[in-house]
Amino acid sequence: MTMVNITMNGQKISAPAGSNILQAAKQVGIDIPTLCDHPALVSIGACRICVVEVTGQRTLITACTFPITEGMEIQTESPQVVKARKLILDLLFSERNHYCPMCQMSGDCELQNLGYRYGIDHWIYPTYTKGFPVDASRKYFFMDHNRCVLCGRCERACGDLVANHTLGLRNRGASSMIHADANVPFGESTCISCGSCLQVCPTGALCDKRSAYMGRNIQTEHIKSTCNQCSIGCGMEIVTRGGNVLRIESDWDAEINAGLLCKNGRFDPLYEDRTRVTQPMIRIGGKLRPSSWDETLKTIAEKISGTNAKEIGVLTSSNSTNEALYLLGQLFCKELKATNVGLLNSAAPKLFDKPQGSLADIVKSDVILVAGTDPAKDQPVASFFVKHAVDRGAKLILVGGKDNGLAPFATMILADIGKAVEVAERAGSPVVLYGAGITEKGASALKKLQGKAAFVAIEPGVNTRAAVAFGFNNGFKASAAKVLYALLGEQGLESADVLKDVDKKAFVVVQASYVSPITEKADVVLPMAIWSERAGSLTNTEGRVQKVSKAVEPAGEAKSDWEIISLLANKLGKKLATSLDEISARATQELK
Amino acid sequence: MSKINTLEDLNKAAKRGLESIIPSKTKVMVGMATSGIASGAQEVYNALAEEIKKRKLDIILSKTGAMGMDCIEPLVDVLQPNKPRLAYSKVTAKKVPEIIDQIVKGAVNGNKPAYRMDEEEFICLNENKPYLKGPVPKDLEGIPKIGDVSFYKKQMKLATRNCGMINYESIDEYIAKGGYFSLLKALTKMQPDEIIDEVIASGLRGRGGGGFQAGIKWQTCRRAHGDIKYVICNGDEGDPGAYMDRSVMEGDPHSVIEGMIIGAYAIGSSQGFIYVRNEYPLAVANLQRALDQAREYGLLGKNILNTGFDFDLKIGKGAGAFVCGESTALMTSLEGKAGEPRAKYIHTVEHGLWDRPSNLNNVETWANVPAIISRGAKWFSSIGCKNNSGTKVFCLVGKINNIGMVEVPMGIPLKEIIYEIGGGIPGGKKYKAVQTGGPSGGCLPDSLIDISVDFDSLWDAGSMMGSGGMIVMDETTCMVDIARYFIDFLEFESCGKCVPCREGVYRMNEILNDICDGKGKAGDVELLESMSQGIVDGALCALGSTAANPVLSTLKYFRDEYVAHVRDKKCPAGVCKALIRFSVSDEKCTGCGVCLKKCPTECISGEKKKTHVIDQTKCIKCGVCKESCKFDAIIVE
């Protein structure tokens with residue numbers, strides 16, 4: 001890497017060619033303040049807070065946009081620089097209502113921090129001269145225009161990162177306003193509530209409704225984990241305070257999503273309104289009655305021990321961790337020799353033995369063929385990648401109908417997969433996204449692109465990839481089960497239809513987090529920890545194994561999915577690994 | 001029309017054009033640029049057409065652009081065979097029959113023409129073609145020659161060489177004036193680098209305001225990496241009181257187009273854009289017609305002049321944002337996005353429109369190019385002064401007798417523009433200042449009246465050349481009010497991207513409004529000064545960083561007026577309503593009662609032949625009484 005030598009505040013430093021002044025300063029720990037700049041966004045040099053003095057330049061220049069050149073001499077806190085920054089802060093504080101004590105971001109606000117740093121202790125210009133609207137029409141977060149500094153971060157996040165282009169600026173000059181679409185309420189706009197804007201907002205203009213006023217950042221803990229809402233496996237941070245989850249933030253360092261999250265991952269898990277199962281229960285005299293873990297597990301163990309392997313059925317949700325699925329396989333299939341095992345959702349067909357591409361290929365492609373999957377609905381972050389590629393000029397070929405969430409962005413929508421393949425064959429670097437919805441014929445058509453295209457299976461469910469790897473996709477027969485062990489976890493099932501073919505006399509064990517029609521019919525219910533209460537790992541649709549962390553204690557007597565199975569194995573006298581590390585290591589080993 | 005492939009073809013077109021410029025029968029030309037239409041040229045044109053039809057006369061009626069002297073428009077030029085060209089000024093539809101009479105009779109009486117022209121200058125061909133052989137007829141000798149009219153005497157027309165001379169709808173007339181011969185020369189006899197060297201040697205500086213060497217810019221763009229390069233014409237003229245680019249685009253669109261094709265060939269571009277504000281409908285229409293004609297002649301499109309060079313032009317219409325005159329904002333707007341400037345640390349000649357090397361020049365700059373190519377760099381650089389070669393077009397407006405568009409050699413003393421070309425200040429009032437460089441320029445006071453008008457001198461004096469607006473102010477102009485006016489304009493036009501401009505200019509406007517309203521506080525002037533410096537240092541684009549100039553330059557030269565407003569609560573020029581008071585002079589009032597009748601709020605009372613009184617509670621300070629008083633009896637203090 002070519003290095004460039006510069007002098008900053010008298011200190012000689014060398015930084016990689018092509019970096020801007022801000023990046024060079026960061027390397028040596030010189031703190032140049034910023035406001036409109038964000039590491040994940042394109043620098044635009046709008047707020048002018050990062051201005052520095054460069055010898056030979058006629059005016060001050062913005063560190064976030066100016067590339068360093070050999071021999072450059074920079075002053076980052078000279079009197080002229082400080083004066084300019086103060087002017088900007090004076091102006092910003094007077095522009096709208098920046099009365100900090102009343103703001104939920106007080107303590108975490110970048111504008112406020114700058115105010116302290118440069119001693120802004122009074123207003124120079126008349127302030128509160130007009131009120132601005134507050135738009136709370138979105139379900140999860142609101143926009144208070146009074147706190148907006150028009151830095152444009154939200155607009156860039158929406159357009160450049162998510163490729164949704166909902167946000168924009170209306171009017172100009174001092175009457176500029178952030179707006180959605182053609183100035184409609186946010187809640188009625190094309191906004192998909194991914195919350196990316198919320199996360200980049202430097203002030204209290206965008207606020208999470210659920211966690212507002214529930215604690216400053218310093219009072220919270222950020223626990224890195226992996227989202228378990230779909231098979232993409234986005235990195236996220238669970239923000240907690242005093243053992244409660246406040247909100248979910250995305251992880252800018254995450255490899256797959258690099259800071260993106262969707263509504264399903266960021267907000268929905270926190271708006272769960274189902275009733276938790278908090279203690280083990282056994283049906284006695286036709287009614288489910290609370291029991292102890294020991295008693296409950298003993299009851300199950302006795303029932304299983306007395307049942308023929310062929311009459312044992314196992315059904316799992318793809319919501320389970322690698323560890324739970326591994327243990328479930330070890331216990332039931334390997335030790336107990338059960339063969340009637342199944343998965344609650346379908347899986348994408350396996351086209352090749354070896355991986356033929358990754359999610360990262362999407363943005364680099366020139367033609368994207370989507371078949372048998374609707375990522376805009378089920379795996380939104382994957383759809384962001386697709387829309388991003390379309391923004392960059394890639395053509396999107398959709399196999400299916402107009403009801404697909406990606407249809408508005410498609411270059412062509414084709415019913416015949418063969419024709420779609422013909423188009424992709426002419427591309428330079430095509431990518432194929434396929435899901436469980438493709439037929440056998442479709443699968444063989446797609447195979448024609450082998451070697452030419454990158455293939456990414458978009459699995460339905462969550463940990464489907466691991467579930468399939470551990471053998472849970474073999475055609476489960478409900479009627480054959482005399483004893484049914486259902487690892488339901490958090491999976492929501494509207495009705496008990498899954499059990500309709502199960503013998504009425506069968507003994508049904510349900511391991512679940514929430515009360516549902518299925519737990520109501522079960523003979524034994526085991527309380528299970530949810531996503532924020534369990535540790536372990538998940539395998540994403542590419543086959544990447546990623547850690548999930550326990551952020552808070554489980555509700556009531558609930559236990560992690562794998563722990564329950566481990567305890568049951570113990571009761572059955574089967575010697576399986578018992579520590580999480582050991583189970584994880586073995587599961588990961590087997591997944592390879 | 002068939003395509004022009006050779007010099008022979010071009011000569012044929014030129015012959016056709018010359019026959020139409022100096023025809024063998026009577027020709028009547030109406031100045032139909034926006035300036036003419038605004039003063040009623042369309043009605044005059046219609047009346048002429050009707051009169052000619054009615055009398056069944058064999059007269060050619062044609063449209064031409066603006067000659068520059070807007071204060072005497074509508075202009076009707078009459079050219080009869082072997083006679084000087086006569087210019088009738090301030091023509092109305094009513095006067096048309098009389099003019100036609102004079103044409104028919106061949107004698108001038110009654111309505112006298114403002115001036116006459118005995119010959120026509122063909123700048124690009126370096127020759128003058130006489131309209132008549134032999135001496136000027138006796139009865140026309142009394143009409144002043146155009147060269148003797150003080151407005152035109154010191155002018156030199158290069159960029160506006162054809163404005164008001166040719167029919168803007170005719171490509172042949174443009175060719176007859178030497179047009180597209182420069183293109184032929186450039187494409188067939190010159191290498192791109194030679195053209196660039198020629199432009200560098202000519203010393204042509206960007207007429208859009210920055211004054212950057214055009215040739216150097218071309219060279220950088222030529223050397224920039226990229227297979228696709230763009231040339232762009234900035235026709236987004238937005239300064240209040242400036243319309244020279246409009247006049248060129250309307251009156252001589254081909255000169256811009258030819259300049260751009262030559263530039264594109266020199267730079268290695270195959271696509272260009274002319275960005276014009278949509279408020280200039282005539283400019284857009286004339287450019288569009290000119291583009292179509294040029295394409296028809298094979299001067300645009302594939303294989304231009306059979307040389308294998310491909311280039312085409314498109315018009316991009318601006319929505320009227322002042323900031324889109326800034327190069328990066330213009331390019332963003334051309335890309336179809338909101339016109340916001342971006343940090344220019346990587347120059348647009350390397351990363352411009354759609355991130356490709358783009359060379360942007362202003363209308364006037366492009367219009368100069370064909371003349372430079374045909375007459376040579378040496379000739380061009382001999383005009384003007386040191387480091388400022390050529391001419392500059394200005395729009396002389398405000399408190400000046402001869403309002404109009406003037407083109408003068410660089411380095412001309414300001415005094416000559418104001419007092420000779422401009423004819424001084426109307427009403428015998430005293431000159432106070434001239435604002436140059438548009439809203440973000442500065443004011444030059446009386447003490448700088450001898451300043452040489454060129455890029456560097458104006459910059460050193462705290463103003464700038466800008467695109468060429470010149471707003472003259474007299475003693476009745478309040479400089480604080482002027483600063484407020486321009487700051488108000490800039491606040492309205494600020495795009496809002498960067499804080500210093502968006503909020504700083506807004507706050508300056510607030511403070512200036514307070515000062516003008518008599519609510520100025522001690523410290524306001526100092527605050528304005530410190531804010532101005534911060535804005536200059538911190539703003540993103542040229543609009544922002546020069547936005548404080550109206551305040552800085554008025555503070556520099558007219559600080560006492562600010563102090564009078566803030567400390568004494570007085571407006572010395574008698575403009576700021578909150579600070580003035582109208583009263584009637586006991587000595588001068590004759591009690592005639594005129595003011596009493598004119599007052600819209602009926603706040604003046606008094607008996608006939610006795611001193612009148614103004615009721616201060618009802619007075620709205622409109623000034624009607626002062627204007628109507630013949631005895632100068634209304635006192636403003």
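Modeller: Two strands count as paired if DSSP finds at least two bridges between them. The model is predicted. In chain A, strand 11 is joined to strand 12 (residues 235-241) by six bridges, and the two run antiparallel. One bridge can be named: A:E221 has A:T240 of strand 12 as its partner.

The sheet is open and has three strands, in the order 11-12-13, with antiparallel pairing. Strand 11 (221-226) and strand 13 (244-250) of chain A are at the edges; each has a single partner strand, so one side of each lacks a neighbour in the sheet. From one strand to the next, the twist averages 30 degrees.

Now the aromatic contacts. Over all chains, there are 21 aromatic pairs. One of them is A:W123 with A:Y128, edge-to-face, at 5.6 Å centre to centre and 65 degrees between the planes. A:W123 is partly exposed, at 37% relative accessible area. A:Y128 is partly exposed too, at 40%.

B:F322 lies in the loop between strand 11 (309-318) and helix 13 (327-334) of chain B, and B:F489 in helix 18 (residues 479-493), so the pair ties together parts 167 residues apart in sequence. B:F322 is buried, at 10% relative accessibility. B:F489 is buried as well, at 17%.

Back in chain A, A:Y140, A:F141, A:F267 and A:Y271 make up one aromatic cluster. Charges also meet rings. A:R96 lies over the face of A:F132, 4.1 Å from the ring centre. In chain B, the charged end of B:K392 sits over the ring of B:F394, 5.6 Å from its centre.

Technical notes: Residues are numbered from 1 along each chain as its sequence is written. Chains are lettered from A and ligands numbered from 1 in the order in which they are written. This is a predicted model: local features need pLDDT of at least 70, side-chain atom pairs count only at pLDDT 80 or more; totals for chains, interfaces and linings use all residues. Side-chain values use heavy atoms; hydrogens and water are left out. Helices (H or I, at least four residues) and strands (E, at least two) are DSSP runs, numbered from the N terminus. Axes are lines fitted to C-alpha atoms, for helices over the stretch in contact, and angles run from 0 to 180 degrees between N-to-C directions. Rings of Phe, Tyr and Trp (its six-membered ring) pair if their centres lie within 6.5 Å; planes under 30 degrees apart count as stacked, over 60 as edge-to-face and the rest as tilted. Buried means under 20% relative accessible area, exposed over 50%, partly exposed in between (1.4 Å probe, protein chains only). A charge sits over a ring if NZ of Lys or CZ of Arg is within 6 Å of the ring centre and within 35 degrees of the ring normal.
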